[in-house]
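Please read the following note beside the sequence and the model. The points are arranged so that each may be checked in turn.

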Amino acid sequence: MSLPQTMLAQLKARRPGFSLPRAFYCDPEFFRLDLENIYYRDWLFAGHDCEIKEAGQFFTMQIGEYPIMIVRGNDGAIRAFHNSCRHRGSRVCTVDHGRAKRLVCPYHQWSYDLDGSLARARHMDAAVDRSELGLKPVHCHSTGGYIFVCVAQEAPAWEPFRATVEPYLAPHDLADTKVAFSSTIVENGNWKLVWENNRECSHCAANHPELCRSFPEAPTSTGVDAVMSDPAMLEHWGRCEGVGLPSTFQIAETGQYRITRAPLIEGVESYTMSGGRAVKRPLTPRVTEPMIGTLLLFHYPSTWNHVLGDVATTFRVMPIDATHTEVTTKWLVDKDAVEGVDYDIDELTKVWMATNDQDRRVVEENQRGILSPAYEPGPYSAEHESGVMQFVDWYVGATERAIVGEPKLRRVA
């Protein structure tokens, strides 16, 4: 039996409402299939428009085997390219963030215009056809200040996601903000364990004292099943929509993405130790209504987000190998906010820095237990872990479709 068929057979035999078999969390070959079936096929959150406001600004990222660069062109367009020189393959952009008039390979100085076209092949201009040797493009779209990329040769439809989330994001003007702080950690756990941990808060009281000052443990804040009947949620939606902020729960037919606005603990304005605002200036002058809670945006497999009245905190999940996952967190504030005047970095970041580190330890202990040959799948709580079950159901469906339900998308070589 081939490896994909082995994976499919284990999914077919899986007991509904239970966690996945051990191989899905630790087997290197299953991890490789996750890259092929999920990360190399889907739209992935890369970063924010505000990180590359000016022509020539770029940032880089790694998607499995693929180094990628995202660049703002002279025409203002945002484009993504494979970060591999068309001469001998060296990475062209070698830093996380930068700015350049042209993208110049440090190895032999082949240079590319910001639209990816080859401008100069040093010592070889007369010997090559520059029109055939531009940087290879990566699918790239931006909506509401979020940049997504896809390395498949044929990308999934973009419009359904854009149409769903753009009205919710539009009032917050995230493209016109700035990144006040960024943090990247590596969690010693499979990427699915990172997501499963995120999709429930039944572990919060025992593990997240800072977060529990502001984020409610109610299952409706993390789940999907009871959200439409929660009186507190319905009241919050009505009040926010009354001031022009789309808020009601929306979820994709496949379960891949969802968005809603949720209240924080009563009297809490932001994710701070005091519960007060982290930033004196609102995230955008367009949204000044107090107590709007958090706009929750999830898009599997790469991002979850909290957009509040004073700050947006965004998270990017990128797998490294079967038992290591990179999580990048960014705090976006008003573009004119001044550190030390409008906000204090420690106050701005303390809750999520502490929570991220606590989640790292939780995930790592989860991974260590699953590495035991004695591990076997256990049952999820229908009340408190419905969000986890929804994520796992999405993963199972996406994997099955990739193996048998849809034609394989060819990767760009």
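**Note on the predicted model**

1. By the rule used here, there is one cavity of 30 Å³ or more. On a 1 Å grid over the protein atoms alone, a cavity is a set of points where a 1.4 Å probe fits but cannot get out, while a pocket is an open set with protein on both sides within 12 Å along at least five of seven lines; lining residues have an atom within 4 Å of a point. Grid points are joined across faces, edges and corners, and a volume is the space filled by probe spheres set on the points. Rolling a probe the size of a water molecule over the atoms shows where empty space is left.

2. Residues are numbered from 1 along each chain as its sequence is written, and side-chain values use heavy atoms, with hydrogens and water left out.

3. The largest cavity has a volume of about 260 Å³. Its lining consists of 24 residues, and Asn-198, Leu-211, Trp-304, Trp-352 and Asp-359 lie nearest its centre. At least two lining residues come from each of helix H5 (191-198), helix H7 (219-222), strand S14 (294-299), strand S15 (303-307) and helix H9 (345-370). Helices (H or I, at least four residues) and strands (E, at least two) are DSSP runs, numbered from the N terminus. H9 gives the largest share of this lining, four residues.

4. How do the residues of the lining of the largest cavity divide? There are eleven nonpolar, nine polar and four charged residues. Here Ala, Val, Leu, Ile, Met, Phe, Trp, Tyr, Cys and Pro count as nonpolar, Asp, Glu, Lys and Arg as charged, and the others, Gly among them, as polar.

5. The second largest pocket holds about 390 Å³ of space. Of the 23 residues that line this pocket, Thr-60, Met-61, Asp-96, Arg-316 and Glu-326 lie nearest its centre. Two or more lining residues are given by each of strand S2 (57-63), strand S3 (66-72), strand S11 (177-187), strand S16 (312-321) and strand S17 (324-334). The lining of the second largest pocket comprises eight nonpolar, ten polar and five charged residues.

6. The domain assignment gives domain 1 (44-150) and domain 2 (158-371); such bounds come from an automatic or database domain assignment. The C-alpha centres of the two domains lie 30 Å apart. Each domain supplies at least three residues to the lining of the second largest pocket.

7. Of the 413 residues, 54% count as buried. Buried means under 20% relative accessible area, exposed over 50%, and partly exposed in between (1.4 Å probe, protein chains only).

8. Most residues other than glycine have a negative phi, and most peptide bonds are trans. The bond from Tyr-300 to Pro-301, however, is cis, with omega near 10 degrees, and Pro-301 is placed in the loop between S14 and S15. His-123 has a positive phi near 70 degrees and is exposed, at 70% relative accessible area. Asp-173 also has a positive phi, of about 50 degrees, and is partly exposed, at 25%.

9. Is Thr-313 buried or exposed? Thr-313 is buried, with a relative accessible area of 1%, and is placed in strand S16. Not counting residues up to four places away in sequence, Thr-313 touches Asn-305, His-306, Thr-329, Lys-330, Trp-331 and Trp-352.

10. Thr-349 lies in helix H9 and counts as buried, at 6% relative accessibility. Leaving aside neighbours within four places in sequence, Thr-349 is in contact with Phe-181 and Trp-331. The C-alpha atoms of Thr-349 and Thr-272 are separated by 8.0 Å, although these residues are 77 residues apart along the chain.

Notes: This is a predicted model: local features need pLDDT of at least 70, side-chain atom pairs count only at pLDDT 80 or more; totals for chains, interfaces and linings use all residues. Contact means heavy atoms within 4.5 Å.
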